[in-house]
Structures are given as structure tokens and as C-alpha cells.
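Dear colleague,

I am handing over the structure below, and after it you will find an account of what was found. Please read the two side by side.

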Amino acid sequence: ETKKGFRTITHSPSDSPSILVAPSMSRSIFFSKIAKKPEDIGNPRPLEYDFYRKSCPQAEKIIRSKVRSLYEVRSDVAPALLRLVFHDCFIEGCDASVLLDAVDGIDSEKESPPNETLKGFDLIDMIKSQLEEACPGVVSCADILVLGARESVVLAGGPFYPLQTGRRDSTLSFSEVATYELPNPQNDLPQIVASFASRGFNERETVSLLGAHSIGTIHCRFILNRLYNFGGTDEPDPTLDPQFLDLLRSKCNDSHTSLSPSPLLSPSSDDGSASRSSSSQEPGVEMDYQGRGSGFGSLYYRGLLESKGILYVDQQLTAEEKTEAWVRAYASDDSLFGRDFARAMMKLSNLGLLTGPMGQVRISCSKVA
Ligand code: HEM
Ligand SMILES: [Ca+2]
């Protein structure tokens with residue numbers, strides 16, 4: 001499974017020369033694993049290592065220090081930025097399409113049901129405005145997203161991974177695609193595997209990416225059915241550890257069941273008018289409920305082995321041996337997880353590249369320039 005050649009660059013935390021092999025590597029990930037041929041996407045310019053070295057040499061430093069200073073004052077920075085990059089890159093690639101506001105009655109991805117509780121748009125705006133001061137009109141929102149997510153992973157105790165830059169921003173938002181193609185927390189294992197396979201990820205990579213669920217918050221609406229009425233049985237999900245069930249119920253009590261069901265469960269019934277701000281008031285469960293802070297990865301997988309997955313999708317990773325084997329491997333080997341997660345994040349960050357002359361560099365990340 002492991003591709004030779006990935007190994008050399010994935011866990012290099014500094015500007016070592018080995019990073020310089022990244023250009024050919026990322027193209028090979030993109031073209032061979034995603035199975036798109038160059039001609040399908042109009043021969044775009046490849047990404048480059050430190051693309052902004054001449055046009056905005058401080059760009060990566062500005063992003064890093066801004067994410068860090070925000071992280072010091074707000075605990076939700078790392079999970080918000082990490083989830084944002086997944087929701088962007090999974091839908092038509094890493095083109096910042098997820099950041100666009102609706103215009104002229106055309107729905108935006110932001111408002112699609114699976115994105116209803118996304119956070120961090122304000123963080124991206126703050127980073128972008130600092131970049132606009134330093135080098136107006138130069139650094140794309142798509143690059144800010146991937147670099148911001150990498151910084152978040154490092155701050156959360158995860159691995160560093162090298163990233164190339166030069167992504168450009170889309171002029172389109174793909175609200176319908178996001179509604180139907182972002183995975184749903186009630187998906188079962190075959191659905192998850194198929195969804196990630198359609199973006200070129202194998203089972204091992206998929207299991208490693210879900211390690212992102214080591215940090216952040218799950219709002220109760222996504223798990224109420226597991227706690228009180230699993231599959232219409234009026235009983236909890238029998239696969240949940242009983243003590244863990246009690247813990248989750250204490251955070252998400254029955255009265256919340258009166259909340260309207262998540263539109264994620266029935267995308268077609270949503271009118272797209274959901275308000276983002278409301279989710280911050282909603283009760284939820286911290287993913288690192290055991291104070292996992294220091295254990296990005298392994299504690300998540302150990303929890304799964306103890307039937308303490310919070311989302312149904314999380315626990316589904318142990319539903320079949322082919323994925324459970326990776327859960328066991330990551331639960332017991334931090335550095336294996338770190339390498340695999342780094343490699344999978346690099347691949348995620350290079351999905352569906354939009355590079356010059358395609359796309360644009362937005363001035364405000366929520367508006368087409
Ligand atoms: C089968 C795939 C996945 C599903 C169904 C899924 C679903 C969810 C759901 C329902 C939440 C809770 C949102 C809320 O309560 O507001 C969540 C949170 C989160 N997800 Fe995923 N996710 C998946 C994969 C991923 C991947 C691949 C990543 C990143 C690489 C990721 C990163 C996150 C993060 C960091 C959070 C916490 C967000 C926060 O606290 O603001 N997820 N996810
Ligand atoms: Ca996108």
C-alpha cells in the first residue's frame with residue numbers, strides 16, 4: 001500500500017531539502033491517485049514550493065503567526081480550520097468555494113445543510129485582511145485554507161506536513177454538490193468508504209483522516225438518535241459502551257430531542273435558511289472529552305476500540321476488519337498515525353487543483369473578485 005517516495009517528505013518538520021521533491025510528488029498523487037489526466041483539467045500550472053517567495057515572501061509566516069495568535073485566545077480555532085479545509089477540498093477541490101457568500105438568490109455552499117455548523121469564516125477573513133495589508137491581491141483564499149489547517153493540526157498536537165502553494169480561488173460555489181456529496185454522520189462503513197474512494201482515498205487513508213475527530217465539538221443534534229432512539233427503536237445504539245452512553249446522555253439530554261432533526265438527515269427537506277450562529281448556543285460533546293489534548297489521534301482510535309465513538313460514522317470504522325485493523329494500528333502506534341495522517345492531509349490539500357491561469361485571487365474571501 002505504502003508508496004515509496006512519499007515516505008521521504010511526509011514528516012519533515014523543517015525546510016529540509018527533501019521537501020524539494022514535493023512538486024513531482026504532488027502531481028503524481030493528483031494525477032495517478034485521483035485518476036484525472038492532465039488534459040482533463042486544461043494543463044494547469046503545477047503548485048510550487050513557496051509559491052509566494054517573490055510576490056509575498058512573508059505570506060506563510062503571516063498565516064502561521066495569525067493562526068497561532070488566534071489559537072491563544074480562542075479554543076475553537078484549530079477544529080474550525082481543520083474541518084473547513086475538509087469541507088472545501090472535498091467539494092470540487094481546494095478552491096475556497098466553501099467561503100463564498102450567496103449572491104443574487106443563488107445558494108452558496110456555506111448554506112448547504114452539511115455546512116450548517118461550519119465555523120471559522122471569520123478567522124479566514126482576519127488572516128486574509130492581514131495578508132491584504134502586506135501584499136494586496138496576491139495570496140489566494142484557497143492557500144490560506146490549506147496552510148491554516150496545517151498550522152491547526154500542528155497546534156493540536158498532530159504532525160507537520162509540507163504543502164505547496166499557488167492554488168487559486170473559484171468563481172463558483174457548489175451548493176448542490178455539497179448538499180449531496182459531503183459525507184453524512186449517519187453513513188455506514190460502505191458509504192464512507194465509497195465517498196472517500198470517489199476522491200481517491202483508500203481505506204487506510206480514510207481511517208487516518210477521520211483521526212481529525214480528535215478535536216472539536218459534536219453538537220447533540222448529530223447524536224441524539226444514537227442516544228435515545230436508534231433506528232426508530234426507542235432504544236440507544238446497542239453498540240455504544242453503556243457508561244459512555246450515560247456520559248453522552250448527561251451532555252445531550254432528552255429534551256433536546258424536541259429540536260428539529262438535523263437537515264443533514266434529510267437534505268432535500270431543507271430550505272437553506274438555517275442560521276449558522278444558532279449552533280454555537282447548542283449543547284454538544286467535546287471530542288477530547290477525556291482531556292485528550294496531548295494525544296491527537298491515538299486516543300480517538302482507542303476510544304473506538306472501546307465502543308466510545310461519538311458519531312455513528314466514527315464507530316463504523318470498527319464495523320469491518322479491513323478498517324478496524326487500521327484503527328488498532330493507529331491506537332497503538334502514534335508515529336504510524338502521524339505519518340499516515342500527514343500524507344492523507346497532503347493529498348486532501350491537493351484535491352482538484354485550480355491553478356493559474358484558471359480561477360482568481362479573491363480580495364475578500366467571501367466574494368468573487
Ligand atoms: C465520514 C466523514 C465525516 C463525517 C460524516 C463528518 C461529520 C462531522 C460532524 C457531524 C461533525 C460535528 C459538527 C458539529 O457538531 O457542529 C464533525 C466535526 C468535525 N469534523 Fe468531521 N466528518 C467527517 C470527516 C472529517 C474529516 C476527514 C475531517 C478533517 C480532515 C473532519 C474534521 C472535523 C473537525 C475538526 C470537526 C470539529 C469541528 C468543530 O469543533 O468546530 N471531519 N464532523
Ligand atoms: Ca471547494
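A residue is taken to be near a molecule or strand if its C-beta atom, placed from the backbone, lies within 6 Å of it. Two remarks on conventions come before the results. This is a predicted model, in which local features need pLDDT of at least 70 and side-chain atom pairs count only at pLDDT 80 or more, whereas totals for chains, interfaces and linings use all residues. Residues are numbered from 1 along each chain as its sequence is written, while chains are lettered from A and ligands numbered from 1 in the order in which they are written.

The ligand

By the definition above, 27 residues surround ligand 1, and the closest are Pro79, Thr117, Ala212, Gly216 and His219. The elements that give two or more residues to this shell are α4 (77-89) and β1 (217-219), where helices (DSSP runs of H or I, at least four residues) and strands (runs of E, at least two) are numbered from the N terminus. The most is given by α4, with five residues. The shell divides into 15 nonpolar, nine polar and three charged residues; here Ala, Val, Leu, Ile, Met, Phe, Trp, Tyr, Cys and Pro count as nonpolar, Asp, Glu, Lys and Arg as charged, and the others, Gly among them, as polar.

The chain as a whole

The protein chain has 15 helices and two strands. Buried residues make up 46% of its 369 residues, a residue being buried if 20 or more other C-beta atoms lie within 10 Å of its own, exposed if 12 or fewer, and partly exposed in between, with C-beta atoms placed from the backbone. Among contacts between residues at least 6 apart in sequence, 79% join residues at least 24 apart, and two residues are in contact if their C-beta atoms, placed from the backbone, lie within 7 Å.

Annotated positions

An unreviewed UniProt entry places the feature "binding site" at Asp88, Gly93, Asp95, Ser97 and Glu109. These residues span 22 residues in sequence, yet no two of their C-alpha atoms are more than 12.9 Å apart, so they gather at one spot. UniProt positions are given in the numbering used here, feature names are shortened, and annotations may be inferred rather than shown by experiment.

Asp95 is found in the loop between α4 and α5 (121-134), and Asp95 counts as buried because 30 other C-beta atoms lie within 10 Å. Leaving aside neighbours within four places in sequence, Asp95 is in contact with Ala142, Arg167, Asp169, Ser170, Gly352, Leu354 and Gly359. Glu109 is likewise in the loop between α4 and α5 and is buried, with 27 other C-beta atoms within 10 Å. With neighbours within four places again left aside, the contacts of Glu109 include Ile91, Ser97, Asn115 and Phe174.

For "binding site", UniProt also lists His213, again in an unreviewed entry. His213 has its place in the loop between α9 and β1, and with 23 C-beta neighbours inside 10 Å it counts as buried. Not counting residues up to four places away in sequence, His213 touches Met287, Tyr300 and Asp314.

Helix α14 (residues 321-332) has 12 residues, which at 1.5 Å a residue should span 16 Å, and its end C-alpha atoms are 16 Å apart, which agrees; the expected span is 1.5 Å times one less than the number of residues. The buried residues of α14 are Thr323, Trp326, Val327 and Tyr330. They cover an arc of only 105° around the axis, which puts them on the same side of α14, the arc being that of the directions from the helix axis to the C-beta atoms. An α-helix has 3.6 residues a turn, so residues three or four places apart point the same way. The buried residues of α14 pack against α8 (189-197), α9 (203-209), α12 (298-305) and α15 (334-349).

In α8, the buried residues are Ile192, Val193 and Phe196. They cover an arc of only 95° around the axis, which puts them on the same side of α8, and what covers them includes α9 and α13 (312-316). The face of α8 turned away from this buried side carries the exposed residues Pro190 and Ala194.

With best regards
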